[in-house]
Amino acid sequence: MMNQTEIGKFIAQCRMEKKMTQAQLAEKLNITDMAVSKWETGKSMPDASSMPELCQILGITVNELLRGEKVKPKAMRTGRMNKLMSVLFSIALLIGIMVCLICDIAISGRLTWSLIPVSSLVFAWVIVFPGMILGRRGVVASFVSLSVFILPYLLLLSLLLEVKEVFSIGAVMAVISIVFLWIVVGIFCLVGKAKKRVALGITFLMAIPFQFVINFSLSKRIGEPVFDIWDTLSIFLLLIFAFVSFLWDYDKKEGEQGL
């Protein structure tokens with residue numbers, strides 16, 4: 001329900017922000033300054049015919065006029081929400097780090113096992129934080145962070161666990177996965193927003209040869225078979241997902257042409 005008093009105060013506020021007197025605003029609208037005064041005191045409302053011109057002069061929208069306040073852009077609201085979520089995420093991880101360190105010192109008298117979860121929490125923060133605070137624009141930043149820090153993280157983890165295979169095997173898998181992720185990013189960038197379903201279908205198809213690359217790398221290092229029944233199932237599912245993605249895009253085109 002419209003509140004004439006609030007609308008009047010809003011009109012007065014916008015007028016003063018434009019450094020205009022009531023008389024100057026009235027002159028621009030070809031009305032009396034008494035009419036403007038009645039608006040601003042909430043005694044009457046602008047006519048529907050004069051609202052568009054009034055809003056244009058004051059630099060507001062009709063929706064904002066009727067609400068009696070400026071509407072914050074969606075992007076601004078989203079940006080504030082992203083900042084809030086990123087702060088809460090950082091605080092949660094910081095609390096987790098402090099708990100691990102305190103428990104380790106209390107139990108062992110020094111830092112031992114806590115360095116493993118702490119390093120993992122820091123790594124998670126470095127990867128996730130850019131994406132959280134920047135929203136969609138931060139996805140690429142998160143990929144860059146992942147590409148840069150994954151190998152140092154695996155090396156540190158290998159040293160803390162005193163298991164060299166964590167780095168020797170993990171590094172190979174990480175490099176292959178990073179290459180695949182960047183190819184996926186490139187596919188979506190090249191195809192564009194209008195062809196997201198096509199890009200998704202291509203991604204599913206691209207995952208099949210990368211699966212063979214990963215299997216071959218693992219078989220060389222830990223003696224696993226290059227291909228087994230689970231690989232057959234995963235390839236079958238990837239082909240189905242790719243087909244569904246392409247079919248989804250085709251149906252969308254047919255629907256748009258029908259309109």
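Guide: Happy to, and let's begin with accessibility: a residue is called buried under 20% relative accessible area, exposed over 50%, and partly exposed in between, using a 1.4 Å probe and protein chains only. By that rule N30 is exposed, because its relative accessibility is 71%. Please keep in mind that this is a predicted model, in which local features need pLDDT of at least 70, side-chain atom pairs count only at pLDDT 80 or more, and totals for chains, interfaces and linings use all residues. Residues are numbered from 1 along each chain as its sequence is written, and side-chain values use heavy atoms, with hydrogens and water left out.

N30 sits in the loop between α2 and α3. The helix labels come from DSSP runs (H or I, at least four residues, for helices; E, at least two, for strands), numbered from the N terminus. The phi angle of N30 is near 60°, a positive value in a residue other than glycine. K19, in the loop between α1 and α2, also has a positive phi, near 55°, and is not a glycine either. With 74% relative accessibility, K19 counts as exposed.

The axes of α2 (residues 22–29) and α3 (residues 33–40) come within 8 Å and cross at roughly 115°. Here an axis is a line fitted to C-alpha atoms, for helices over the stretch in contact, and angles run from 0 to 180 degrees between N-to-C directions. The pair is therefore roughly perpendicular; the classes are roughly parallel under 35 degrees, roughly antiparallel over 145, roughly perpendicular from 65 to 115, and oblique for the rest. On the α2 side, the contact is made by Q22, A23, L25, A26 and L29, and on the α3 side by D33, V36, S37, W39 and E40, where contact means heavy atoms within 4.5 Å. By class, this contact has six nonpolar, two polar and two charged residues. For those classes, Ala, Val, Leu, Ile, Met, Phe, Trp, Tyr, Cys and Pro are nonpolar, Asp, Glu, Lys and Arg are charged, and the others, Gly among them, are polar.

At 14% relative accessibility, Q211 counts as buried. Its side chain makes a polar contact of 2.7 Å with the side chain of S234. The term polar contact stands for a pair of N or O atoms within 3.5 Å; within protein, one must be able to donate a hydrogen and the other to accept it, and residues adjacent in sequence count only if both atoms are side-chain atoms. Leaving aside residues up to four places away in sequence, Q211 touches D231, S234, I235 and L238.

Not counting residues up to four places away in sequence, S145 touches V126, I127 and P130.
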